[in-house]
Amino acid sequence: MLRTIIHYVALLSVLLLSSGCNKSSEDEPFDFYFVRYTAAVTAGESVKITYRNGDGKNISVNQECPDGKYQVTVGPVLPGFEAVIVASQTIGSESPTLSIEVSYGATPFVMKAQKQNAITLNYTVGE
């Protein structure tokens, strides 16, 4: 009887000690961000936007903006990602207001860079 109790106590101790050592990668927090690029233009005008996507590639889009706003979100990206947006409009049009917002994980987006009458805007994520 005493031998059985000692056996169960030893088994329970091993189980309790080993369960604390079994951390999975799901338990570890990840530092990932999302980047939202925005260009505010005169309503109804077309704009050519080039932005860096989550893979680090430059994407170019010709977009008509009936509501005066172009917006795209990329990610996830890691700290150190260089977010870049470049805009060009037809000659004689006012340059747009560009902005870069960043979200960490599931948190709300926060304005990190904004410039009126801009052609280009950049921000390093995680700064």
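Before reading off any bridge partners, I note the criterion in use: two strands count as paired if DSSP finds at least two bridges between them. I also keep in mind that the model is predicted.

Entry on strand 1. I looked up the partners of strand 1 and found that strand 1 and strand 6 pair in the antiparallel sense over eight bridges; within that pairing, F34 has S103 of strand 6 as its bridge partner, and T38 stands opposite S99. Turning to strand 4, I found seven bridges joining strand 4 to strand 1, again with the two running antiparallel, and here A40 is bridged to K69. I then checked burial, and six of the eight residues of strand 1 are buried.

I traced an open sheet of four strands in the order 4-1-6-7, with antiparallel pairing. Strand 4 and strand 7 (110-115) are at the edges and have a single partner strand each, so one side of each lacks a neighbour in the sheet. From one strand to the next, I recorded an average twist of 15 degrees.

Entry on the core. Which residues have the most contacts inside the largest nonpolar core? I found V35, Y37, I49, Y51, Y70, I100 and V125, in a core of 26 residues. Among the strands that each supply at least two residues of this core are strand 1 (33-40), strand 2 (46-52) and strand 5 (82-89). I then followed I49 and, setting aside neighbours within four places in sequence, listed its contacts as A39, I59, S60, V61, Y70, I85, V86 and A87.

Definitions and conventions
Residues numbered from 1 in each chain as written. Predicted model: local features only at pLDDT ≥ 70, side-chain atom pairs only at ≥ 80, totals over all residues. Heavy atoms only, no water. Core = buried A, V, L, I, M, F, W, Y, C linked by side-chain atoms within 4.5 Å. Buried < 20%, exposed > 50% of the residue type's maximum accessible area, 1.4 Å probe, protein only. Contact = heavy atoms within 4.5 Å. Axes fitted to C-alpha atoms, helices over the stretch in contact; angles between N-to-C directions.
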